[in-house]
Amino acid sequence: MELEILRYIQQFASPVLDNFFLFITILGEQVPIVAIFTFIYWCVNKEMGEYIAFSLFQSICLNGLVKDIFRMPRPIGQEGVRSLRVETATGHSFPSGHTQTSATFWASMAFWSKKPWAWAGLLALCPLIALSRMYLGVHWPKDVAVGFLLGLISAGISICLFRRVKNRERLYWAGAAFSLVILLVAGSKDYITASGLFCGFAAAYSMEQRWAGFQPVKEWRKRLLRWVLGMALVGLVYVAGSFLPQQPLFYWLTGFLTTFAGVAVYPWVFTKLGF
């Protein structure tokens, strides 16, 4: 049944739709989401940025865990299925990481801001991202359906915890510690990296409160300066991690250092430099 659905979707394939869905699927990847999140955190609303980060890290850890439990194969190579942009199809198929991450992000934005544009992202863009993963032949229908649902659940649980738990430092450390425990049963590169990201965020939050205590700025020149330099730093740290040995410890370390640099080190730098 699912194979027939993919074949039905792909019967409408054309160069125009190929380019359209390639563009749409990119919107569910790391760079666009990190770009928006860091701009919010560094420049606009620090507390909102913290919530989005907590929600995302919780969600990607959950995604990695579920993938490692079920270990379902992708539709790549199935008869009659054409697969594009397969380099983004890392790990197992179920659930869809693109769909879950984008749903978590936009649901977090919608739950926090309650703005129409955020709800539009959740209700219009996220389904398109889910459709793009099927059109490109890298996910089954159940992958994107469950991914979307888990994204909503992750964002909902996160905002409840964020608003009800007064000691957020303990909340973040509890989540990070739990992600380490799960390493006993989830050993894929994606999950190990996700655990490193979560632990780096918890450590960075603790350090940022003590070192920097920065505040967002209203002047657009300073906002853009913060954002451009910060994205360069975070990107440099992440890319540098790819030169480390391809072993579990270094996957985790790359994730840890990336979020630690973005959430603690860089805010300390721009606070000291006064921008």
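Tutor: Buried means under 20% relative accessible area, and exposed means over 50%. The model is predicted.

Student: Is Y205 buried or exposed?
Tutor: The cut-off for buried is under 20% relative accessible area. Y205 has 11% relative accessibility, so Y205 counts as buried.

Student: How many aromatic pairs does the model hold?
Tutor: Rings pair if their centres lie within 6.5 Å. By this rule, the count of aromatic pairs is 26.

Student: What class of pair do the rings of F57 and F201 make?
Tutor: Planes under 30 degrees apart count as stacked, over 60 as edge-to-face, and the rest as tilted. The ring centres of F57 and F201 are 5.5 Å apart. Their planes stand at 55°, so the pair is tilted.

Student: How many residues apart in sequence are the parts that F57 and F201 tie together?
Tutor: F57 lies in helix α4, residues 46-70. F201 lies in helix α9, residues 189-211. Both F57 and F201 are buried. The separation of the two parts in sequence, in residues, is 144.

Student: What class of aromatic pair do Y172 and Y205 form?
Tutor: Planes over 60 degrees apart fall in the edge-to-face class. Y172 and Y205 lie 4.9 Å apart, centre to centre. The angle between their planes is 90°, and the pair is edge-to-face.

Student: Which helix holds Y172, and which holds Y205?
Tutor: The two residues are 33 residues apart, and their pair links distant parts of the chain. Y172 has 0% relative accessibility and therefore counts as buried. Y172 is in helix α8, residues 168-182, and Y205 is in helix α9.

Student: The charged end of K46 sits over the ring of which residue?
Tutor: The ring in question belongs to an aromatic cluster that includes F37, Y41 and W42. The charged end of K46 is 4.5 Å from the ring centre. The residue is F214.

Student: How far is the charged end of R223 from the centre of the ring of W220?
Tutor: A charge sits over a ring if it is within 6 Å of the centre and within 35 degrees of the normal. The charged end of R223 sits over the ring of W220. The distance to the ring centre is 4.9 Å.

Student: How far apart are the end C-alpha atoms of helix α2?
Tutor: Helix α2 has 12 residues, 15-26. At 1.5 Å a residue, α2 should span 16 Å. The distance between its end C-alpha atoms agrees with that: 17 Å.

Student: What arc do the buried residues of α2 cover around the axis?
Tutor: The buried residues in α2 are D18, F21, I24 and T25. They sit on the same side of α2, because they cover an arc of only 135°.

Student: Which exposed residues lie on the face of α2 turned away from its buried side?
Tutor: An α-helix has 3.6 residues a turn, so residues three or four places apart point the same way. The cover of the buried residues of α2 includes α5 and α6. The face turned away carries P15, V16, N19 and F23.

Student: Which side chain makes a polar contact with the side chain of H98?
Tutor: H98 lies in helix α5. H98 is buried, with a relative accessible area of 10%. Beyond four places in sequence, H98 touches residues including T25, E29 and I129. The polar contact, at 3.5 Å, is with R133.

Student: A polar contact of how many Å joins the side chains of S195 and S179?
Tutor: S195 lies in helix α9. S195 has a relative accessible area of 0% and is therefore buried. Beyond four places in sequence, the contacts of S195 include C61, S179 and W252. The polar contact between the side chains of S195 and S179 spans 3.0 Å.

Student: How far is the backbone oxygen of E79 from a polar atom of the side chain of R7?
Tutor: R7 is in helix α1, residues 2-10. At 29% relative accessibility, R7 counts as partly exposed. The backbone oxygen of E79 and the polar atom of R7 are separated by 2.7 Å.

Student: What is omega of the peptide bond from F94 to P95 near?
Tutor: Most peptide bonds are trans. P95 is in the loop between α4 and α5. The bond from F94 to P95 is cis, with omega near -5°.

Student: What value is phi of R71 near?
Tutor: Most residues other than glycine have a negative phi. R71 is in the loop between α4 and α5, and at 52% relative accessibility R71 counts as exposed. Phi of R71 is positive, near 50°.

Terms used:
Residues numbered from 1 in each chain as written. Predicted model: local features only at pLDDT ≥ 70, side-chain atom pairs only at ≥ 80, totals over all residues. Heavy atoms only, no water. Phe/Tyr/Trp six-rings, centres within 6.5 Å; stacked < 30°, edge-to-face > 60°. Helix = DSSP H or I, 4+ residues; strand = E, 2+ residues; numbered from the N terminus. Buried < 20%, exposed > 50% of the residue type's maximum accessible area, 1.4 Å probe, protein only. Expected span 1.5 Å × (residues − 1). Arc of directions from axis to C-beta. Contact = heavy atoms within 4.5 Å. Polar contact = N/O pair within 3.5 Å; in protein donor to acceptor, adjacent residues only side chain to side chain.
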